[in-house]
Amino acid sequence: MHHLLRNPEKLAKLREEIDASFGPDEIIASFTKVRHLPYLKACVDENLRLTRSIPYGLPRKTPPDGTSVMDRWVAGSVTVSLPAYVAHRDAEIFPAPEDFRPERWLEEKAKDVLPYYIPFSTGSRGCIGRNIAYLELHVLTAALIKRYDLQLEDEKFELEREDGHLLWTGPLPIMFQKRP
Ligand code: HEM
């Protein structure tokens, strides 16, 4: 929500898509309905790219006989990790990586970057709750944007973040006004 409020033209574009998909009496649309909204999905993905929930690289151990990691040989039983922060800000993969640009997920080459997109980690220990997370993020974001005009109290407001096991965010003072 913070990214959207800092980028009002993206919020307006998203609202247009959401308004067109809700029926006149609908307040909360079903996931079946909102899951296929391309710009909403792009905003959720762009948010997860920029705001990783785990601030450090999740540790993995190489197999006892060693293995090759990005064309480099790494000995056995060595702890290796790739923080999502680093992968998601590689400018060769995600040009202008600090910008909140949902449009990048709608481009033709979006599928090519998926191996570098790891908000839920990957492999056998990857997040088993990712589908629930997508469901909640889609339904909640769509419902809030449909129902309220949202505005930051101070448009230059910077969100505080604190690294722990998870990344904690500080308060986000938003003004809500019910839409007619
Ligand atoms: C935006 C929301 C979420 C993010 C970004 C996220 C991210 C992650 C990540 C990166 C891991 C991998 C940990 C590792 O590799 O060591 C993980 C694991 C896990 N997540 Fe999530 N998660 C989210 C939501 C959820 C939800 C909603 C649930 C449950 C309803 C959930 C349940 C789990 C479980 C049980 C694991 C451990 C899987 C295992 O070790 O086999 N997560 N999550």
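Figure 1. Apart from neighbours within four places in sequence, glycine 57 is in contact with Ser81, Leu82 and Pro83, where contact means heavy atoms within 4.5 Å. Glycine 57 and serine 121 stand 64 residues apart in sequence, and their C-alpha atoms are 9.7 Å apart in space. Residues are numbered from 1 along each chain as its sequence is written. In this predicted model, local features need pLDDT of at least 70 and side-chain atom pairs count only at pLDDT 80 or more, while totals for chains, interfaces and linings use all residues; side-chain values use heavy atoms, with hydrogens and water left out.

**Figure 2. Serine 21 and the pair of lysine 33 and glutamate 26.** Serine 21 belongs to helix α2 (residues 8–21) and counts as buried because its relative accessibility is 16%. With residues up to four places away in sequence not counted, serine 21 touches Glu26, Lys33 and Leu37. Lysine 33 and glutamate 26 also meet through their side chains in a salt bridge (2.8 Å, N to O), defined as a side-chain nitrogen of Lys or Arg within 4 Å of a carboxyl oxygen of Asp or Glu. Lysine 33 is partly exposed at 32%, and glutamate 26 is partly exposed at 25%.

**Figure 3. The salt bridge between glutamate 46 and arginine 104.** The closest N and O atoms of glutamate 46 and arginine 104 are 3.0 Å apart. This pair links distant parts of the chain, with glutamate 46 in helix α4 and arginine 104 in the loop between α5 (84–88) and α6 (130–147), 58 residues apart. Glutamate 46 is buried, with a relative accessible area of 0%; arginine 104 is buried as well, at 6%.

**Figure 4. The salt bridge between arginine 6 and glutamate 158.** In this salt bridge, the closest N and O atoms of arginine 6 and glutamate 158 are 3.3 Å apart. Arginine 6 is in helix α1 (residues 2–6) and glutamate 158 in the loop between β5 (148–152) and β6, 152 residues apart. Arginine 6 counts as partly exposed at 34% relative accessibility, whereas glutamate 158 counts as exposed at 53%.

Note on methods: Helix = DSSP H or I, 4+ residues; strand = E, 2+ residues; numbered from the N terminus. Buried < 20%, exposed > 50% of the residue type's maximum accessible area, 1.4 Å probe, protein only.
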